[in-house]
Amino acid sequence: MYSLILHGRRLVELQKWRHLRFALKNVSPLSNSFSSASAAADVRSRDGRKGKNFTVSYLVDSLGFTTKLAESISRKVNFTDKANPDSVLTLLRSHGFIDSQISCIITDYPELLILDAEKSLGRKLQILQSRGVSSSELTEIVSTVPRILGRKSITVYYDAVKDIIVADKSSSYELPQGSQGNKIRNVSVLRELGMPQWLLLPLLVSKSQPVCGKENFDASLKKVVEMGFDPTTSKFVVALRMLYQMSEKTIEEKVVVYTSVGFTLDDVWEIFKKTPTVLKVSKKKILKSAETFLGLGYSRAEFLMMVKRYPPCIEYSLESVKRKNEFLVKKMNWPLNALVLHPQVFGYSMEKRIIPRCNVLKVLLSKGLLRKKSELPAVSSVLSCTDEGFLNRYVMKHNELAPTLMAIFTKGRVS
């Protein structure tokens, strides 16, 4: 079978928030409101830690999970009271689920512990039982794919999962004719490649492409795998859908458009691997995007570099690109090259991110409070970080000025 590349992610720490109130006390007329906001953030932070600690203890004590597994699950879901989780576990046991099955269910779908046991979970189990589903069949199928309990059309998902399980168990099982048979076959192939349940579930109930096809599915899947897409990511599904939906002729025509504005054939496929949806961008949009960036003063080489760095920028509204470029280059005085290095900025919200942060930066520049006095910091340092990162870097360190800076940052900003 094919080799895969797996990925990870990082955590964010917000610890400094609770110390800022005291440094800002009585500094300006805005200090009271700022302290209130900081205090609220502090309370939320403490509540979050309390919930996480309770969740870990609950999972260890009630389900016998290891501390490491419980901590991992607590990053996905947490609670501060055992009433609802207890109700969920009691309900599952009352429907015949044994402890080992419940452990598998919660490990795969921990959000189940915060669902309403009777109105949501109980109702769905009753719907399945009313169709004559036996207890053994119910517990086996739900334990195999727990996330069907979070779906609205549970009977549709249940039937699809059942078909797959039956096909897996019997080597003599004959696939149904038509799209349903193709679906069972194709989903089984994707499972063998390592595709997780959360990606497979929507495909299970799909009444159209790509899993309902046969020859075209095989050809499209072969291409996606050979290009190195990871079956454990949503990008794999998007790439499969793009190649399945488009004929060879249409793909070739789209490649010709991209090469006409300067991309090489290798460039096109590298861009596709980063953002599969670039193949659906219209010829008119591609040509207009190139024309717009060149008209704003970027060289063709810079335009190509931006799209290769961040392909979605070729899909953005041209008016939005012009507006953001006008503000960042002409009003903030960042050089074009700064945006070439970080084309993601064209996708950020003007009102929620760019203007509030840049207004804070203007104040710091006017007072010579930046690290290099009058020199602008890197675009990524200001716009690409999280809100917490920005506030730590440009607001919290300026004790006396912090309330004013916070007011500027939050003014007119929609959360």
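Predicted model: local features only at pLDDT ≥ 70, side-chain atom pairs only at ≥ 80, totals over all residues.
## Overall picture

Residues are numbered from 1 along each chain as its sequence is written, and side-chain values use heavy atoms, with hydrogens and water left out.

The protein has 22 helices and zero strands. Both kinds of element are DSSP runs numbered from the N terminus (helices: H or I, at least four residues; strands: E, at least two). Among the 415 residues, 42% count as buried. Buried means under 20% relative accessible area, exposed means over 50%, and partly exposed lies in between (1.4 Å probe, protein chains only). The protein exposes about 21,900 Å², and carbon and sulfur atoms supply 52% of that area. Accessible areas come from the Shrake-Rupley method with a 1.4 Å probe, and for residues only the protein chains shown count as cover.

## Helices α11 and α12

Two packed helices are described by the angle between their axes and the distance between the axes. For helix α11 (residues 215-226) and helix α12 (residues 234-245), the axes come within 9 Å and cross at roughly 130 degrees. Axes here are lines fitted to C-alpha atoms, for helices over the stretch in contact, and angles run from 0 to 180 degrees between N-to-C directions. The helices α11 and α12 are therefore oblique to each other. Angles under 35 degrees count as roughly parallel, over 145 as roughly antiparallel, 65 to 115 as roughly perpendicular, and the rest as oblique.

The crossing of α11 and α12 is right-handed. A crossing is right-handed if the near helix is turned clockwise from the far one by less than a right angle, and left-handed if anticlockwise. On the α11 side the contact is made by N216, F217, S220, L221, K223, V224 and V225, and on the α12 side by F236, A239, L240, L243 and Y244. Sorted by class, the contact of α11 with α12 has nine nonpolar, two polar and one charged residues. Ala, Val, Leu, Ile, Met, Phe, Trp, Tyr, Cys and Pro count as nonpolar, Asp, Glu, Lys and Arg as charged, and the others, Gly among them, as polar.

One residue of this contact can be followed further. S220 lies in helix α11, and at 2% relative accessibility S220 counts as buried. Leaving aside residues up to four places away in sequence, S220 touches L240, L243 and Y244.

## Helices α15 and α16

Helix α15 (residues 283-295) and helix α16 (residues 300-309) have axes that come within 9 Å and cross at roughly 125 degrees. The two helices, α15 and α16, are therefore oblique to each other. Their crossing is right-handed.

From α15, the residues S289, A290, F293 and L294 take part in the contact, and from α16, R300, F303 and M306. The residues of the contact of α15 with α16 divide into five nonpolar, one polar and one charged.

## Helices α19 and α22

The axes of helix α19 (residues 350-366) and helix α22 (residues 402-410) come within 7 Å, crossing at roughly 150 degrees. That makes α19 roughly antiparallel to α22. The crossing in which α19 passes α22 is right-handed. In α19, P356, R357, N359, V360, V363 and L364 meet L405, I408 and F409 in α22. The contact of α19 with α22 has seven nonpolar, one polar and one charged residues.

Helix α22 also holds A402. With a relative accessible area of 0%, A402 is buried. A402 and L391 are 11 residues apart in sequence, and their C-alpha atoms are 9.3 Å apart in space.

## Two further residues

K52 has its place in helix α2 (residues 31-63). At 33% relative accessibility, K52 counts as partly exposed. Not counting residues up to four places away in sequence, K52 touches S74, R75 and N78. The C-alpha atoms of K52 and I73 are separated by 9.4 Å, and these residues are 21 apart along the chain.

N333 is found in the loop between α17 (318-331) and α18 (336-341). N333 is exposed, with a relative accessible area of 56%. Although N333 is not a glycine, N333 has a positive phi of about 70 degrees.

Terms used. Contact = heavy atoms within 4.5 Å.
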